[in-house]
Amino acid sequence: MPTPYLSAEQVRAAERATGHLLTDGTLMRRAAYGVAQAVAAELNRSGGCYGRSVGLVVGAGDNGGDALYAGSFLARRGVAVSAILLSPERVHRGGLDALRTSGGVVVEHLPSRLDVVVDGVVGIGGRGGLRPAAAQVFAGVGGQTTVVAVDLPSGVDADTGEVHDPAVCADVTVTFGAYRNAHLLAAPQCGRVVLVDIGLPGTLGIAGTPLLRSLTDAEVGEIWPVPGPADDKYSQGVIGIIAGSHRYPGAAILCTGAAVAATSGMTRYVGSAHAEVVSHWPEVVAVPDLADAGRVQAWVIGPGAGTDDAALGVLREILATDLPVLVDADALTLVSANPDLVRGRTAPTLLTPHAGEFARLTGDEVGADRVTAVTGLARDWEVSVLLKGRITLISDPAGRVYGNDAGSSWAATAGAGDVLSGIAGSLLAAGLEPAVAGAAAARMHARAAAIASDGSPIGASALLGAVRPAIRGYRAIWDNGRR
């Protein structure tokens, strides 16, 4: 099943349901041991634990208690542990006693050279940025020091993923029982997330249905359409592409090429760039006029297609069909001025805006709470919405949200959105529902960008060239999991 992410209140509900495990401190000690193990793993990467130095930045409440108990475990393993208490009058007394008993010390200022700093300032209940005292401590942490956050980097909102200023930027975040929304929504700030099992039985049943989830690698491989024994080019899905122009053929070439790479069905192209498209992709059936397009199972319309009256007329005709339609780029500009073209459309509809296009569609900026923004548009217009970004969010009209962390920003290059539209459109034509098609396409698109870049800048053509290897990789993950 997809990986779920929980709100702060859902996490609290799951913890309360454990009863005495919460009240007698068992959950805290389990969490602290998990933090200690994660810190030890970081130390072991570069020489082991004994004689190494770890600093704790300790706030009030349970998050600080986790850090203090973790420090006590590390001190017993020969680590020099020093703790700075930001709120001495509200420190977790049990954790502080455990630290001191194990040989850890409380200091006014952290040592200048530390191997690891543990962020135990605030947890899921934190609001706003770091207070001045905490900000000053982290400002003095050297660039070679590994930062390990307890539950969440302090200064990051647990539910929205908003990164306040200032906030901790963690190399590793250790969390407990279930992922929090921010672990996806603020993934770059969280670093590598380590999930520790602390014994929250039936977490999802207790906490309720998660709003936010992400597809796993194996799920993407499983749902990706591949031809079966009885399939032909029509049964696998025929996608129609309306993009680009004779004068600006790039969008047409990239979008149709992505559709060809993504599935084994059939790709049709309509537009004045038909000759250029065929010169690059001879397998595409390309015609200049919509009347000659032939039968398709879904449409992609908009990338580089123009915003004049003729383009608007074609868009109206496409949206008047009962076929799935992906609306992107120039077509989104037209829709922003003519929202009734898609509002309440009964056939599957997927809008794929970036932040600027989203603002034109809604009249409002996306803002810090991107989940609320994308679900609001999807619900109000009764369509599915894919909001592009390093963290791409896809919502259906019912408010179910898929998220995908690209893991990098290599796909932030001209033409990459045209490739994404071709991939997602081909999945729509193969019969996937819009939100799932968008989520799977976003993940495959990100993986293709990673393969193509290999750590260096890329163009959209290189990204397109890596789509097939990306599909092959995810299919292999799923296939190996079945064995």
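Lying across here involves contact, meaning heavy atoms within 4.5 Å. Axes are lines fitted to C-alpha atoms, for helices over the stretch in contact, and angles run from 0 to 180 degrees between N-to-C directions. Helices (H or I, at least four residues) and strands (E, at least two) are DSSP runs, numbered from the N terminus.

This is a predicted model, in which local features need pLDDT of at least 70, side-chain atom pairs count only at pLDDT 80 or more, and totals for chains, interfaces and linings use all residues. Residues are numbered from 1 along each chain as its sequence is written, and side-chain values use heavy atoms, with hydrogens and water left out.

Two strands pair if DSSP finds at least two bridges between them. Strand β1 (residues 3-6) runs antiparallel to β10 (residues 212-214), joined by three bridges. Within this pair, T3 stands opposite S214.

**The parallel sheet**

Another open sheet has seven strands in the order β4-β3-β2-β5-β6-β7-β9, with parallel pairing. Its edge strands, β4 (105-106) and β9 (192-196), each pair on one side only. Three bridges link β6 (residues 146-150) and β7 (residues 172-176) in the parallel sense. One partner pair is V148 and V172. Helix α4 (residues 61-76) lies across β2 (53-58), β3 (80-85), β5 (116-120), β6 and β7, at about 160° to β2.

The loop between β6 and β7 holds both D151 and P166. Most residues other than glycine have a negative phi, and most peptide bonds are trans. D151 is not a glycine, yet its phi is positive, about 75°. The bond joining D165 and P166 is cis, with omega about 0°.

**Annotations**

The unreviewed UniProt entry marks N63, D119 and S154 as "binding site". These residues are spread over 92 residues of sequence, but they cluster in space, with a largest C-alpha distance of 10.1 Å. N63 belongs to helix α4. The unreviewed entry also places "domain: YjeF C-terminal" at residues 216-474. Over that stretch the chain is 44% helix and 14% strand, and its end C-alpha atoms are 10 Å apart. UniProt annotations may be inferred rather than shown by experiment.

**Helix pairs**

Two packed helices are described by the angle between their axes and the distance between the axes.

| Helix pair | Angle | Axis distance |
|---|---|---|
| α11 (residues 250-262) and α17 (residues 416-429) | about 40° | 7 Å |
| α13 (residues 309-319) and α14 (residues 330-337) | roughly 85° | within 10 Å |

How are α13 and α14 oriented to each other? They are roughly perpendicular. Angles under 35 degrees count as roughly parallel, over 145 as roughly antiparallel, 65 to 115 as roughly perpendicular and the rest as oblique. A311, L312 and L315 in α13 meet A331, L334 and V335 in α14. That contact has six nonpolar residues, no polar and no charged. Ala, Val, Leu, Ile, Met, Phe, Trp, Tyr, Cys and Pro count as nonpolar, Asp, Glu, Lys and Arg as charged, and the others, Gly among them, as polar.

Helices α11 and α17 are oblique to each other. Residues of α11 in this contact include L254 and C255, while those of α17 include D418 and I423. The contact divides into eight nonpolar, three polar and one charged.
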